[in-house]
Amino acid sequence: MTAYNPDFEEGIYNMWEKSNLFCPKTDEKKENFCIVIPPPNITGILHIGHALNETLQDILVRWRRMQGYNVLWLPGVDHAGIATQNVVERELNKEGISRFQMGREAFIKKVWEWKGRYEDRIVKQIKRLGASCDWSRMRFTMDEGLSRAVKEAFVKLYEEGLIYRGHYIVNWCPHCLTALSDLEVEYKEENGKLYYILYPFKNRKGGLVVATTRPETMFGDAAVAVNPEDKRYKEFVGEDVVLPVRERIIPVIADSYVDTAFGTGVLKITPAHDANDFLVGKRHNLKEINVIDEKGFMNEEAGVFAGMDRNTCRKALVKKLYEDGYLVKVEDYEHAVGHCYRCGTPVEPKISEQWFLKMKPLAKRAIRVVEEGKVNFIPGNWKNVYLEWMNNIRDWCISRQIWWGHRIPAYRCMNCGKYNVSIDKPERCKWCGGRDFTQEEDVLDTWFSSALWPFSTLGWPEKTDSLKRFYPTSVLVTGFDIIFFWVARMIMMGLYFMDDVPFRDVYIHALVRDEHGQKMSKTKNNVIDPMDAVKKYGADTLRFTLSALAVQGRDIRLSEKRIEGYRHFMNKIWNAYRFIAINTEDYVFKGKPDSLDAASRWIRSRFYRTVDMVNRHLENYRFSSAALCAYQFAWHEFCDFYIEMSKIHLRRETERYGTQFVLLEVFEALLRLLHPFIPFITEYLWQRLPGRKEKSIMISSYPQREDEYILPVVEKEMEVVIGFSKAVRNIRSENLISPSKKLEAYFRVLDGEIKEIVERYKEYICVLAGISQITVGEDVPEGACFSQPMMYGDVYVYMEGIVDKGKEIDRLKKQMKKLSETMRFLSKKLSNKEFLSKAPKDLVELKRKEYSEASLLYQKLQEQIEKIKNI
């Protein structure tokens with residue numbers, strides 16, 4: 001067998017698929033386990049966050065499948081309305097074509113073609129990661145079944161008074177030309193200006209000075225407002241002021257919304273261009289004057305500024321205000337500006353007719369189920385985040401002025417102008433009996449169909465067997481950034497349409513950042529493409545790296561070096577198999593051995609303790625702890641210690657069979673333990689072991705704790721053996737002694753029981769530590785020694801004959817010279833004020849750590865030289 005190479009991975013996956021191993025069993029006696037995949041958008045390729053998400057889901061799915069559950073992992077992709085339309089439009093723009101030139105029908109056909117190409121690519125990438133989804137149930141948020149579900153849901157919500165069409169202020173994207181929900185607006189801190197503008201009184205001298213960040217909206221001002229409790233301005237309430245430039249008369253009103261500490265304590269009220277001003281306007285019956293069109297340009301209300309874009313208008317208007325004596329002063333001002341979450345354009349508050357979904361009636365029960373623990377958030381801190389948002393929820397604007405998406409099932413009667421909401425186009429208007437209809441042009445927000453995902457994918461509104469068996473689903477694995485976009489809405493819709501929660505647990509995984517904790521982005525050139533990593537290191541390596549780093553509540557710091565490090569783990573397992581294969585060529589099963597050596601009894605005991613811990617960690621979604629627990633056992637206890645100790649017994653005819661039996665037994669079970677994390681290599685090696693019963697490791701049983709094999713006394717004894725062995729290994733490492741050099745050791749023990757254990761297992765210690773002779777005593781040995789204190793006593797290794805004093809001192813001095821140069825370089829960098837002020841904090845800390853480590857090693861080398869001189 002050659003060295004480890006993951007080229008076999010795709011062949012393994014094809015075998016699983018052809019064997020229909022991803023489909024759920026139909027055993028009614030078994031418990032069901034279901035996950036619906038968070039559907040990736042059809043806008044491109046998978047990123048490293050997707051790789052983490054799919055890996056964690058697949059770990060749970062494979063683990064439960066091996067535990068005997070009827071497992072369904074239902075895959076799918078999302079149509080991603082605005083995002084996909086933007087991407088396709090950009091592609092068309094390269095050819096000099098706009099969607100308006102094409103027309104709606106032709107454009108949508110073009111998007112469907114895009115969907116076909118990219119869905120196939122995304123599915124291939126998910127498969128390449130090893131995801132064991134039931135691909136026969138693949139869904140798309142705009143497939144025929146889900147389209148029907150969306151219509152059914154909309155109509156029911158409308159008929160029960162929860163959906164309404166309203167004249168309201170919304171977030172408008174001038175680039176995407178559509179309304180956005182509050183959640184689709186991303187706020188970024190920007191360094192702007194605060195403009196102080198004089199609004200003269202109409203009937204007296206002087207005026208009120210207003211502070212604003214957006215002077216260009218003043219053409220839509222309907223009033224200026226002061227706080228009724230503000231004594232500075234009480235006398236002016238009810239007066240009129242003159243709107244600068246346009247010279248329109250507007251009133252001074254009192255409203256408690258005004259913050260007396262902001263600016264001068266006087267606000268301009270622009271109901272058509274600010275969400276809070278809109279509400280103030282409603283309370284005071286103010287006129288709503290729209291001054292900015294849907295593309296972000298000033299309209300005729302702006303007078304001579306009409307036709308300018310909003311930013312150009314701002315500059316020109318400020319100049320005009322200054323020239324006319326209305327601009328009092330300008331201050332620097334940092335404030336949060338809302339941007340479209342898809343294209344990054346600053347949003348424009350805009351009054352328009354939109355479709356809304358009432359959220360408070362739906363939120364009440366969704367709050368209660370989380371408070372009562374019927375839906376659990378892991379980690380638990382996300383529960384409070386969820387509840388805080390839900391308790392302050394606002395109506396959801398669900399209509400979008402785009403073409404790609406679920407067209408709203410509302411039909412406007414051309415006779416009376418009223419809307420008829422129905423699944424299919426009505427024959428007659430329910431208001432006037434008219435027969436001529438036009439369907440609503442708007443489509444639904446992408447997240448509307450996504451909110452139905454856990455039950456629509458299982459067949460709703462039909463009462464299917466799948467819906468009966470697998471709803472509620474078991475767990476949702478997702479990122480924190482879509483708790484409000486998606487998780488909360490799924491809970492509300494699940495309770496409304498299914499009368500039950502959509503899932504029992506919500507596991508919120510962390511972000512994947514670069515090694516310095518920076519967000520990955522193309523501009524920073526720090527992106528790790530999961531498919532590149534798979535190609536270079538194999539899917540198993542990437543999966544294990546991500547799972548080992550997936551600590552609850554902590555962002556993952558990922559680097560290629562870490563991925564490369566875990567590739568060594570694959571090598572370790574591979575080489576363990578090669579050792580076992582070579583040493584079991586003559587193995588013929590003869591039943592359970594009558595007796596086993598201590599090392600074999602110990603490795604069995606340790607394995608079943610590890611099994612218990614891994615299962616408990618997975619039950620609690622502690623992926624990192626589960627992965628590292630299995631890693632610790634496989635790398636250290638099985639490979640580093642047991643395999644080495646087994647060599648003693650494999651050489652003895654009377655003990656060979658028992659050792660072979662345990663090597664095969666534990667290694668086979670270890671492969672099953674590791675399978676959810678690294679499915680490809682475990683399947684490949686498992687197929688080559690003798691005595692297999694099932695067709696695939698993925699449908700074999702997952703290891704469970706076996707109390708009969710757990711032997712605390714043997715574990716305690718071997719803990720002593722390994723403790724002394726590690727102490728000798730540490731001496732080797734710290735003193736740079738070759739691993740092949742045989743050593744003479746003296747163990748000073750103060751306890752008779754420990755002495756007896758060392759004497760009994762001397763042979764193991766010699767093999768593990770590379771010792772030719774061990775002496776056990778109670779006194780400090782004579783002669784120069786390297787020493788290492790430990791909990792069971794002290795370990796001494798005789799120096800004489802180990803090193804050539806002169807050569808070793810020269811070698812150590814060369815190392816010290818290199819370290820000295822490194823320290824000088826780092827010291828110079830850390831003394832550079834420009835580096836300290838401009839470099840990322842994580843990078844500065846890394847350089848400080850490097851300096852500290854180099855300094856410590858330099859000191860150790862000095863001490864080592866002194867030790868050698870004294871031999």
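Axes here are lines fitted to C-alpha atoms, for helices over the stretch in contact, and the angles between N-to-C directions run from 0 to 180 degrees. Helices (H or I, at least four residues) and strands (E, at least two) are DSSP runs, numbered from the N terminus. The model is predicted, so that local features need pLDDT of at least 70 and side-chain atom pairs count only at pLDDT 80 or more, while totals for chains, interfaces and linings use all residues. Residues are numbered from 1 along each chain as its sequence is written, and side-chain values use heavy atoms, with hydrogens and water left out.

| Helix pair | Residues | Axes come within | Crossing angle |
|---|---|---|---|
| α9 and α10 | 360-371 and 381-391 | 10 Å | roughly 160° |
| α19 and α20 | 623-650 and 653-674 | 10 Å | roughly 165° |

Angles under 35 degrees count as roughly parallel, over 145 as roughly antiparallel, 65 to 115 as roughly perpendicular and the rest as oblique. The axes of α9 and α10 cross at roughly 160°, and α9 is therefore roughly antiparallel to α10. Helix α9 passes α10 in a left-handed crossing, a term for a near helix turned anticlockwise from the far one by less than a right angle, clockwise being right-handed. On the α9 side the contact (heavy atoms within 4.5 Å) involves K360, A363, A366, I367, V370 and E371, and on the α10 side K383, Y386, L387, M390 and N391. These residues divide into seven nonpolar, one polar and three charged, where Ala, Val, Leu, Ile, Met, Phe, Trp, Tyr, Cys and Pro count as nonpolar, Asp, Glu, Lys and Arg as charged, and the others, Gly among them, as polar.

Helices α19 and α20 are likewise roughly antiparallel to each other, and α19 passes α20 in a left-handed crossing. The residues of this contact divide into 14 nonpolar, four polar and two charged.

An open sheet is formed by four strands in the order β6-β5-β14-β16, with antiparallel pairing; two strands pair if DSSP finds at least two bridges between them. Its edge strands, each pairing on one side only, are β6 (178-180) and β16 (396-397). Strand β14 (residues 348-357) is joined to β16 by two bridges, and W396 in β16 is the bridge partner of L357.

I378 lies in strand β15 (residues 376-378) and is buried, with a relative accessible area of 14%; buried means under 20%, exposed over 50%, and partly exposed in between (1.4 Å probe, protein chains only). Not counting residues up to four places away in sequence, I378 touches D505, V506, Y507, I508, Q552, N620 and Y621. The C-alpha atoms of I378 and R622 are separated by 9.7 Å, although these residues are 244 residues apart along the chain.
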